[in-house]
Amino acid sequence: MSLPKEHTAETKRLLKKVSKEKIAKWLLEEGYYPEQYVVPPSFKVKKFDLKPRPYFEIDNSVAGQIKFEPEKSELLNISFPKTELTERTFGIIAPKIYHDIVWYLNDNWETILKSLFRASNKIHSYSFPIPITSKSEGELGHLRAGRMIYEYLEMAENDLVAEAYNYKYILKSDIKNFYPSIYTHSIAWAIHTKELIRKKGNRSKYDDYVGLVLDRLFQNSNDGCTNGIAIGPAISDLIAEIILSAVDTECSKVITAKGIDFIGVRFKDDYRFLCHSKQDANFIIKTLQKQMALFNLNLNDSKSQVTELPEGLFREWTAEYQQYSLRYRKKISYKRFESSFRGTLKVDKKFEGTGVVDRFLSELYTKEHELKFNFNEKDLLKAISLLLMLKERRNKSFPQILAIIEKIIEQNATKVKTISKISSAIEKLLNEKLSNIDDCQYDLLWLIYFVKSLNLATISLPKKINSELIKSLKSNRAEFFKPIPADIKIFDTIKKPGNNILLLEHLALFKNEIVE
């Protein structure tokens, strides 16, 4: 048995050890918001329980008529620039619809499991979104982003490398614009097959086919749109796995019938195949394209490539960054900090879109969230300036940069002059972003939370603000999806300085849990 096949079997085994009630609780509480670098700590689920009945039930009270009409809502979106021309947009789903998606998943959990784990599927997923581990069988942790990083590394740098000696080529490909391209009708196709759902009279049988229910709920979570699902919520990741499991299964059947020996793995929409020849690789990619098209999806031609092994197995930027790494240093001088900073810029320029900036930032502090440096005031202000400029290289790193500055402020709390200069720099940046609120929502969410949680400066916010998330930070209460049911608490107030969670802890990938 190949390592990827063992991985799938172990994932299924561990998942079956966890009760569906615990899974529903995790999806509601830990999975509601996108990953922790998207929104600051105030956007946290405090209470969200699974009800005995859904908010929106299937109506079959009239003989011969089956209706399912959940109320429509719009996604609450938050974006930051991915490149100069594109944005990465995350979505938050209205609580009642989110609850019902979880409710219907929970109520049909055995059907969902069968859709996720298919015996004839030979393409093995390493992106199961629910944090299961053999260290605590039957339980779920709080891991999310950290678990995904671990799974990716297990796939790309362990299992695939260990199996590669049997093959000659590696094929890599991914799906173009995946989450925004998901066709909600394909949810039902994936669970029940397209042929069955399209059979006359079946399209309205909501009480027979949970896929139809999920299709309608995801549509109505996004104002009735059938194209695209929210990026960020854990239920979106679970639905994506269901759809791609169906695609993978059909691909597996076709490739196997051709007599091709291969190992296929997938992390979300990122595919990798080990095979013996370019001809085999070409057949696999064409098969993948054909099956994707049946689900209204398309492969990213510009990112599809076939490489002779062992090239293509490794992330090249990690080797190049190694000479600049601060990972094993307990203390960092300013000179070493600046040298590593400059090296990070070089690697980032050569290998665009990698995680080198995040890696550099994570190496500035210990696992206990203590800084590895204590510069004098002049060097400290230079370091802060460089860190803030680094944000322009990778927008998603901004929360981590603020988290490091927060720790600097804590470390230098008695140095009034230093704190004053840091405050002035942050206030200047905040006012600059406030001059263009609509285009700086992501930065402002983090800056406003940062300043308010530390009482760092006086914030003068305009009376009219379009962003409901920024409004919430201004009023220190939830100003979105109103009215929220009284028994659902999805906002945590900003408290006085010293009583809020440290940003480094909020952003921690592993939260002190052991990951295998």
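How many helices and strands does the protein have? There are 20 helices and seven strands, where helices (H or I, at least four residues) and strands (E, at least two) are DSSP runs numbered from the N terminus. This is a predicted model, in which local features need pLDDT of at least 70 and side-chain atom pairs count only at pLDDT 80 or more, whereas totals for chains, interfaces and linings use all residues. Residues are numbered from 1 along each chain as its sequence is written, and side-chain values use heavy atoms, with hydrogens and water left out.

The table gathers values for the whole protein.

| Property | Value |
|---|---|
| Box filled by C-alpha atoms, along the principal axes | roughly 75 × 60 × 45 Å |
| Share of the 516 residues that count as buried | 55% |

Buried here means under 20% relative accessible area, against over 50% for exposed and in between for partly exposed (1.4 Å probe, protein chains only). Among contacts (heavy atoms within 4.5 Å) between residues at least 6 apart in sequence, 76% join residues at least 24 apart.

Helix α18, residues 441-454, reaches 20 Å from its first C-alpha to its last, close to the 20 Å expected at 1.5 Å a residue, the expected span being 1.5 Å times one less than the number of residues. Twelve of the 14 residues of α18 are buried, among them W446, Y449 and F450. The buried residues of α18 pack against β1 (76-81), α16 (398-411), α17 (416-434), α19 (468-475) and α20 (503-506). After α18 comes N455, whose phi is positive, near 50°.
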